[in-house]
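Dear colleague,

I am passing the structure below on to you, together with notes on what came out of it. Please read them with the sequence open beside you.

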Amino acid sequence: MAVNLVNTKISTQVLHFKPGGSPVSFEVTVVNESNQFASFQLEIIAAGGSSSLGSNWYNISPAVSAKNPPGDTTKFYVTITDTPVAGFVGKMNLIVRIFSLELRDEDRQLLRLVVEVGTNSVPMLVELPVREFSAQPQTLIEIPVRVVNPGQIPTTVSLRFCGLNPQWLLDGVEKLLQVAPGAKVETSFLCQLPVPEEVPTQAYSFTIEATHLNGLPSRSSEGVIKVIPGGFIDFQCIPEKQRIPPSRSWLPQWRINSTTYLLECKNASNLSQQVHIQIKKGEEEQPKCFLEFQPEAIDINPGETKHLQLLVSKRRWWFGLAKKFSFIVKAIASDKRVNINNENQFLQLTIHPVLHPWLQLLLGFLLLYIVWAVSWLNPANPLFGHHRSVTSVQFNGVGDRAISGSQDQSIIRWNIAGFTNLFINQQHGKIAKNIGKAVRVVRYKPVDNDVVAAGLENGEIQIWSVLSGTKKSITTFTLNKTDRVLALEFSPDSRFLFSGHGSGSVLQWDANNALLENTPSITKPIKSQDVKFSVYGLALVGQDRQNLAIGGRYNNLEVWNLIENKLWKVPYNPPGSQNDYIVSLDSSEYRPNLLATSDNKGQITLWNMQTCLNSKNNKCQVLDRWSDGHGGKAVRSVAISDNGCYLVSGGDDNRVMLWSLTKEGRRAFPNGIQVRSDSHRFNSVDVKVVKDRILIISGNDNTEVMLNIIKFDKNPPCKK
C-alpha cells in the first residue's frame, strides 16, 4: 500500500467571489508525513483559466515554504483577486495542488469557487504584440493592437492613439470595438511616416489608451517608432560656367578680377548636417586663382536650403589671350548615413585679359610707359608691389618703416619717406616672396624691429630677418599645416610670440630661442589653449601684459591669464551666431588697459580692462560702442596709437576712419574723420604718432598699400 507523504487540509470547500469587489481568501495546511526535511509549494488550477491572466488571478503566501522536519506543519494563505475565466458567472472547481521537490510527491484538494455577477468596473486589457518599430521616412507601418474584456458583460471599447502627429495616421486616431465578455479582439492602426524633412531621425513614443462605458479606464499600452536616417542632400552650383569679366567691353575693365559661384545645398533628409566643400583642380595646367568660401561651412537642418558663395579671384593680365580654369567642387556632409545628390560639380571659368587683342598691339608701348611712370607714384603698383589683396600692415616702433603681407605669398618692407618724396625709393625690398601660401598676418618684433613674423594660410609661422632687406629665413614654427594662422602678437620684450588659428588653438612660442644661431626650428609651443572658435585677433592687455585678449567667431571675447594659465570669457553684446566674428583687437602701448575690438557687423567697442583684470572676473567696463562708423558694414581692422589718443578703423565700406579719444578712452566726437576711401574694402590699418604728425597706413583688396599723414593736434582731447 502506497504511503502518502504529503497531508493537506484546506479551510473551506466553497468560496464566493465577485469580480470587481473585495478579494477572497482561504488557508491551506500542509503536514510533512515523511521521514526527512522537505519544502512545499502550492499551485491553483482552474479548468478553462484565462491564458492572458496566467497565475495573476491569485496570490500565495509564502511562495515556497522553508524546509520543515518530519511531522511539522506549514500554512499557505491563498487570495483570489480575479476570475480565472474572463466573463464567467457561475460555479467552477479549483484544484489546489501541493507538491514537494525533495519528496517527489504531491497532494490535490478540490475547492468549489462560486463566481457571482461582478460590479462591472473591470478595466479592459490593452496589449501591443509589437512594441518597437524601426522604419525610414515615408514608410507605411501597421501597428497591431489587442483588447481583452475580462468582464462579464459585453462592452464598447474606444481606442485612442496618442503621442504622434494625427496626420500620420491614415485611419484616424480613434477606433471603436465591440468586445464580448471574456473575448479578445484585434485591430491595427496604419501609420504613414512623412517625408524626411518633416520627421528627424529619433525615437517617437506613443501610447494606446482604451476607455469603455461599462467599467474603469484601462491601463495604457506604450510603444515606440524609431525613425532611421533617410532622404538625401541635393547639391548644385548656379551657374556652372563663369567668366571674368562677366561681359566683354572694348573699354578695359581692369578693376574686375573676381566672380562668384552660388552653391546651393538642400537638406531633403531627416538629419541635421554640417556641409563643407572641397575643391579639386583639373588635370590640365591651370592659372593660379584665389578661392575662398563664404562661409567655410554651413549647418543645415532638415527641410532647409542654404547657400555658400565660392569667390574666385585672379589678377588679370593686360595682354594675351583668354585662359580657361576648370575645377571640381565636392560637397561633404558630416553624417555619412545620408547620400548627396550630384556631390561633384564641374565648374568652368574663363579669364579674359584686360585689353581686347585688337587693342593690345596699339596700347602695348603706352601700357609699358604707364607702368614705369606709375611705379614712382604708387607704392602698390602690381609690377613693384603686391599682386593680390593686402591682408596685413604694420609700422615699426619709430614709424620710419612698415611691412605688409599679401595673398600673393610675399612680405614687403616699405620706406615711409618714399610715399611723400618721388626721388626716394619707397620700397626697401621684398623680404620674402613665393613663400608657399598666402600671408594672413605680419608683425614686427618690438625690440630692434629687425625681425618679422608672418602667419600663413597653411598653418606655418615664418620668422624673417629684415635688416638691410635680406631674405634669410631664420626659422619656421609649424603645428598643423591645415590650420590657418589668423593672428599674431609679440610680447613687449620680444621673448614670446602668440598665434591664433582657425581651429581655435591659441599658442605661445619661445621666440628668443628661435633667433639664436644654430638653434634648430621650434616645432612645439610652450603653452596652448583651445578656445573652441576661430581666432581672428590677439592683444596683450593689463599693466604687466600678462593677459592675452582673444577674439573670434560667434563674437567670442576671452582673456587668457598667462601666469595662471586660465581662460575666462568677457560678455560681448550682441552675442553672435556662426556668421558673427570679432575680426580685430588692439591695445595701446602706454595705456595697456585700453582695448579696442571690431566685428563683421560694423560695431567698434572700447573697453577698460583694468577692473576685470584686477578682480579676475568678466565684468569688463565698456567705455564706448558704436555701429555707424562704417555704415553697418564689417570693420576688418582697428588700431590704437601708442599714446592711446587715436583710433583708426578700416572695413567693407571701402573707407579708413580716424577717431580722437578722450583720456577716459571714449570718442571725443560722435563722428570720425574719413582718412581715405577706395573702391575696395580695407583689410588692415595701423597708426603711429611721430612728432607733429599722425601716420596712418592701410592695405586693401586692390593690392594697394597706402599712407596718410595728418597734422597732429598739439592739445588733443586725450590730454585735456
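Residues 24 or more positions apart account for 60% of the contacts (heavy atoms within 4.5 Å) in the protein chain with a separation of 6 or more. This is a predicted model, in which local features need pLDDT of at least 70 and side-chain atom pairs count only at pLDDT 80 or more, while totals for chains, interfaces and linings use all residues. Residues are numbered from 1 along each chain as its sequence is written, and side-chain values use heavy atoms, with hydrogens and water left out.

The protein chain has three helices and 53 strands, taken as DSSP runs (H or I of at least four residues for helices, E of at least two for strands) and numbered from the N terminus. Of its 720 residues, 52% count as buried, that is, under 20% relative accessible area with a 1.4 Å probe, protein chains only.

Strand β51 (residues 682–690) is largely enclosed by the rest of the structure, because eight of its nine residues are buried. Eight bridges join β51 to the antiparallel strand β52 (residues 693–700), and strands count as paired if DSSP finds at least two bridges between them. F682 stands opposite N700 in β52, and in this hairpin, with two residues between the strands, K691 takes a positive phi near 55°.

Elsewhere, four strands form an open antiparallel sheet in the order β43-β44-β45-β46, with β43 (582–587) and β46 (621–626) as the edge strands, each pairing on one side only. Strand β45 (residues 604–608) pairs with β46 over five bridges in the antiparallel sense, and L606 has D624 in β46 as its bridge partner.

With best wishes

Key: Buried means under 20% relative accessible area, exposed over 50%, partly exposed in between (1.4 Å probe, protein chains only).
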